[in-house]
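Colleague: I would like to learn how to read a protein model. Please start with the overall build and then go on to the aromatic rings.

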Amino acid sequence: MSHFTARSFHTRRHVLAVAAATVVLAACGGGDDDVDPKTQPATAKLAVLSTTDLHFNVRSYDYFKLAEDKSYGFERTATLVRNARKEFANTLLVDNGDTIQGTAIADYEAVVKTIPCTQQLSMYKAMGALAFDAGTLGNHEFNYGLPFLNQVLGGGMDVDGVDAKLKCAGNGYATVLANVYSNKSKKPLVQPYAMLERTVVAKSSDGKEVKLPLKIGVIGFTTPGIMNWDKRYLEGKVYTQGAVEAAQQYIPELRKNGAQIVVALLHGGMDASTYSPTMENPGLHLSKVAGIDALVMGHQHGIFPDTAATPAFTQAGVDNKAGTVNGVPAVMASSWGKALGVIQLSLQWDGKAWSVDKSGSKSELRNIQTGKDAAGKAIYVDADPAIAPLIEPQHQAAITYVKTPIGTTDFRMSTLFADVGDPGAIQIVNQAQRDYVASYIQANMPQYKDLPVLSVSAPFKSGFQGAADYTDVAAGSLSISSAADLYLYPNTVYAVKVNGGDIKDWLEAAAQRFNQIDPAKTGEQQLISTFPGYNFDMFTTADVQYEIDVTQAKGSRIKNLTYLGKPIDAAKEFVIATNNYRATSGKSFIPKLDGSATIWASPDANRDVVIEYVKKNASVTRASNGNAKSWKFTQVKTAGDVVFSSGPGALAVAQAAGLANVTLLAADDGSGKGTSKYKLDLSK
């Protein structure tokens, strides 16, 4: 038995890709000499295997900590793929985007020492070992600009600023994207869909194996947020269409051209909001478009179907038990290669064509973590031994690069207790952003030179992925890897102009990080809500002071907000240094963060700005760079314990930061993530 393999593609109207491939999957069973078995009813199972949000995690390796981390990595997902191919006679392997960005090796190959046209991107080289059939593009595919994207996809993009004649090594599988168009050609940036012609192993009504043809349509969609997040690369060059509109346009065309099964790759997740063409996570709405047989989702780094007692997705139409969204079999396979999505489609052949029996279809996730040993330590599937050797030279080059020394620190810089007041890994980011924006304004924007410049940042790594998911830079030498740990994402610095009233509203939105605490409740109360840590924007300067009262409802938590020791003037204007995501997609914080308040969209990455700041201020100290607390919790006595989770064995970090109100309650908080339970005494 074998899986489907990618083949060459040719174009037709709308750059329709047709992959003509006949794969012999198993020996064909015998049949009646007088009856062609292909005309008789039959059944088959097709397993759609999917990865999403790999973020260039080829290896189970943390380039920030320069150490193996078995909890993620495509080299382990590859093992799950090979196992699934042994289990299922017919498989289709697809990737759902956010593939080429996210680790130091990604930055190394895109920016530090850009790979030549003749060389395949290491992520794609690793994926080539598994012979992916198709994939779509995520928002992060656009982070390095269109010329680089054109190169790594093999060339052929007809868009301004790109050499359309370029022919490069490419990614090795059909890339589909139906809702991003070139301004120049008014056509899709890449082919909107691919038609894969395959031969499947089926079972006839008399129980014998028979080989039958199958046409599979694969269509892709990404989030329209790219137009804000990578505006400097995309403005005037491409435009987007809503996923629903694109699906309504192209799926009938796919069906007309003979697609018997349609697999939709949505680099987006699910949001119960009313549909709009610029919606970031339109999965609930896309699933209602007629003609979709399987839906692969991503972008949110979540899981679906979710078998937990309290699943993340519970909107109307979502069935975690059945693994369907509005009746369509669907998956969202976490991120970083932690899981493989498996949609088993039950197919019925009527003698002429295939149809999908939804009642017989099934969706599931297969995780690289298979359980725990007797000591409670996580057990992971072994890495596929074929993957690491494929990228070893580039892997080592990236390690050498991130080891480049840029300074020293006299304290451990971490986000382990950022949620409860330690600015140790946030302050230097704010200092770097503020100095960078202030210097630019003084030199180039005299109309704003008299406005105070402040900066906000957030704990980008705050435990969501488990005990290792914290920024944690040891005291001693600082390297490029340290700076990459301090600022995880390849965002760019943006400056926005707001007033004091906006700042209060912004901080109120950020304070959604906390659950509302009832002081009278005698039982334990969890401090941290599901609001992501990377949205917990904070100031870290003596100039701005405020309290967060977690006993109050959302929107009424920021107390005693002052600037330079006086209550902040709601009308006074400020410039805030932030990042492109917040400045353009933060309207849920304040309406102005829809791009309209931006006064400068810098070309430089926040991470690079941090690196340059450390180079100029090479001796980083707690006193100068990690001790400025802008906020504290409003003091209140609670009848029961207020608890939160953080990394194990980390109490000394809280104590070193002067957080005397934090104590350890349990070494294992029971979450299964390897984190510990801590108590926060709000009366201190």
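Predicted model: local features only at pLDDT ≥ 70, side-chain atom pairs only at ≥ 80, totals over all residues.

Colleague: How many helices and strands does the chain have?

Modeller: The chain has 16 helices and 40 strands. Its radius of gyration is 26 Å, close to the 26 Å that the globule rule gives for 684 residues, so the chain is as compact as a globular protein of that length. Along the principal axes, the C-alpha trace spans about 95 × 55 × 50 Å. Of the 684 residues, 59% count as buried.

Colleague: How many aromatic pairs does the structure hold?

Modeller: Two rings pair if their centres lie within 6.5 Å. The structure holds 26 aromatic pairs. One of them joins Tyr108 and Tyr401, at 6.0 Å centre to centre with 45° between the planes, and it is tilted. Tyr108 lies in helix 2 and Tyr401 in helix 9, so this pair ties together parts that are 293 residues apart in sequence.

Colleague: Are Tyr108 and Tyr401 buried or exposed?

Modeller: Both Tyr108 and Tyr401 are buried.

Colleague: Why is the pair of Tyr124 and Tyr173 edge-to-face?

Modeller: Planes over 60 degrees apart count as edge-to-face. The planes of Tyr124 and Tyr173 stand at 85°, with ring centres 5.9 Å apart, so the pair is edge-to-face. Tyr124 is in helix 3, while Tyr173 is in the loop between helix 4 and strand 8, 49 residues apart.

Methods:
Residues numbered from 1 in each chain as written. Heavy atoms only, no water. Helix = DSSP H or I, 4+ residues; strand = E, 2+ residues; numbered from the N terminus. Rg over C-alpha atoms; globule rule 2.2 N^0.38 Å. Buried < 20%, exposed > 50% of the residue type's maximum accessible area, 1.4 Å probe, protein only. Phe/Tyr/Trp six-rings, centres within 6.5 Å; stacked < 30°, edge-to-face > 60°.
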